[in-house]
Every structure is written in structure tokens, then in C-alpha cells.
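The following note is meant for a colleague who is meeting this structure for the opening time. Please read the numbered points with the model at hand.

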Amino acid sequence: MRLLLVEDEAEMARWLMRAFKQSGFVPDHAPDAATAEALLAANGYDLVVLDLQLPGKHGLVLLSELRHAGNRIPVLVLTAQAAVQDRVKGLQLGADDFLSKPFAIEELEARLTALARRSQGRPHAPLRCGSLSCAYDSRAFLLGGVLLQLTPRESAALWTLLARSGSPIEKGHLSGKVFPNDSSAGPNAIELVLHRLRRKLQGADVRIVTVRGLGYMLESVAHENSAA
Ligand code: CA
């Protein structure tokens, strides 16, 4: 079981790393959010143990960015005692469990084991926007319960947009996701993919809008439809 510990306090990190190893985890340690992001991008972890007070970027910002990118890895947040606000915010941002400092190592181990067991039996929650959803593992898109027939490029574009629905995706970033190994793909190539996607979403309660200067965004139009 691979585990990433994000903790800036050296003594705390040393103690935890030793305990994790003794409990049979394979832990890596990141002393700040930037290191954590690099390690998460490079390695497949089963669990993250996340301290909130980090230098540079706050732990909740890191968590929020992970979830916005579609990463559903189980995260246990370490909070200062009585930090109720952190718990509420953490839950809203997609934390799976909490532990207040100071804690007994036995309790942390028990929580991690439970979290790992839960996440293994539980499929990742599908991504959703309006009546559009996509299973995390199969990447099958359903629109109003009907399977959407998409080409691999359309699928890559829609996945990227759906993972951050409601936020604009920069055109170059989207293009990089759709044509990852093709630097010769011109600016029109991604527009063609989006044009075809828009036609397939026509009449649905989700749409791809162009946000001037920012890129493209998938949004739900349920309210407008019900008002019309
Ligand atoms: Ca800290």
C-alpha cells in the first residue's frame, strides 16, 4: 500500500514515516505542496495523509486542486485540535477522513486501514455535470442515461472539460490533453473536436461554452431550460 505523507514539521514527519513503515505501508514524504504535487503526478499512491498548515500552499488548496483535476485518491487530513472550520471546509473539498493532532499512532493506522479498505471496495464516484456523467474507470459517458458514442479525441476533450466543469479550461491545455503526442496539431484541430462534441450534446442540459480570453467550459443549463 503506497502512501504519501504531506507534512512540513520534520520531527512529526520522521515519527510518522517510521510508524508507517512498521505498519507495512510504503510511504513517501513531501515537506510542501509543490513536492506533493510532483510526487502525485509521478507515482500511483493508494492514500494521502495531508497536514493543512504547509509553507507556500495550504493543504486545503492542494486538496481542492486535486479534486478539481478529477483525482479521487483517499485523503486523510491532519488538523489542529478544535479546528472545526477546517473539518467543514475539508469535507466540502473532498477529504475522506480527519484526525486531530495530537493523536495516537494506533488511531492513525486504524483510520488508514479502514480508508484503504473502503476505497478498494468502492468504485470512484462518477464525474457529473447536469445529466452528463462519466464513470471514472471505464470512461464511458452517459447523457441522460444513454451511452454517448465518442471518438477517443472527443472522449479526451469531454473528460478534461467534465473533470473541471464550471471552470474554463485554457485552449492550449485542452489541446495538449486531446493531442498529447502531436505538436503539429494546429489551433483548428481542437476546435473541430469541440464542434463535433457540441453537436453530440445538442438539446441536452449541458453545453460547452467559449469563455473569451480564458478558453472553454462545460456548464449545466438546467435552470435556463426549466425557465423556458
Ligand atoms: Ca504543518
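1. E9 sits in the loop between strand 1 (2-6) and helix 1 (10-22), and Q53 in the loop between strand 3 (47-51) and helix 3 (59-68), so the pair ties together parts that are 44 residues apart in sequence. Helices (H or I, at least four residues) and strands (E, at least two) are DSSP runs, numbered from the N terminus. The protein donors are D8 (OD), E9 (OE), D51 (OD) and Q53 (O), at 2.1 to 2.8 Å from the ion. Donors here are N, O and S atoms within 2.8 Å of the metal (3.2 Å for Na, K and Ca); water is not among the atoms, so sites may look incomplete.

2. Basis of the model. The model is predicted: local features need pLDDT of at least 70, side-chain atom pairs count only at pLDDT 80 or more, and totals for chains, interfaces and linings use all residues. Residues are numbered from 1 along each chain as its sequence is written, and side-chain values use heavy atoms, with hydrogens and water left out.

3. E9 is partly exposed, with a relative accessible area of 39%, while Q53 is exposed at 51%. The classes are buried (under 20% relative accessible area), exposed (over 50%) and partly exposed in between, with a 1.4 Å probe and protein chains only.

4. Cysteines. The count of disulfides (pairs of cysteine sulfur atoms within 2.5 Å) comes to zero. The sulfur of C129 is 12 Å from the closest cysteine sulfur, in C134, which is too far for a bond. C129 is buried, with a relative accessible area of 7%, and C134 is buried at 0%.

5. Four strands form an open sheet in the order 6-7-8-9, with antiparallel pairing. Strand 6 (127-129) and strand 9 (146-147) stand at the edges with a single partner strand each, so one side of each is left without a neighbour in the sheet. Two strands are taken to pair if DSSP finds at least two bridges between them. Strand 8 (residues 141-143) pairs with strand 9 in the antiparallel sense over two bridges, and L143 stands opposite V146 in strand 9.

6. Largest pocket. Its volume is about 300 Å³. The lining has 13 residues, of which A69, G70, W159, A163 and K177 lie nearest the centre. Helix 6 (152-163) and helix 7 (171-178) each supply at least two lining residues, and helix 6 gives the most, with four. A pocket is an open set of points on a 1 Å grid over the protein atoms alone, where a 1.4 Å probe fits, with protein on both sides within 12 Å along at least five of seven lines; lining residues have an atom within 4 Å of a point. Grid points are joined across faces, edges and corners, and a volume is the space filled by probe spheres set on the points.

7. Second largest pocket. The volume of this pocket is about 200 Å³. E37, L40, A41, L62, E65, L66, A69 and N71 line it, and helix 2 (33-42) and helix 3 each supply at least two of the lining residues.

8. Cis peptide. The peptide bond from K101 to P102 is cis, with omega near -5°. P102 is found in the loop between strand 5 (97-101) and helix 5 (105-121).
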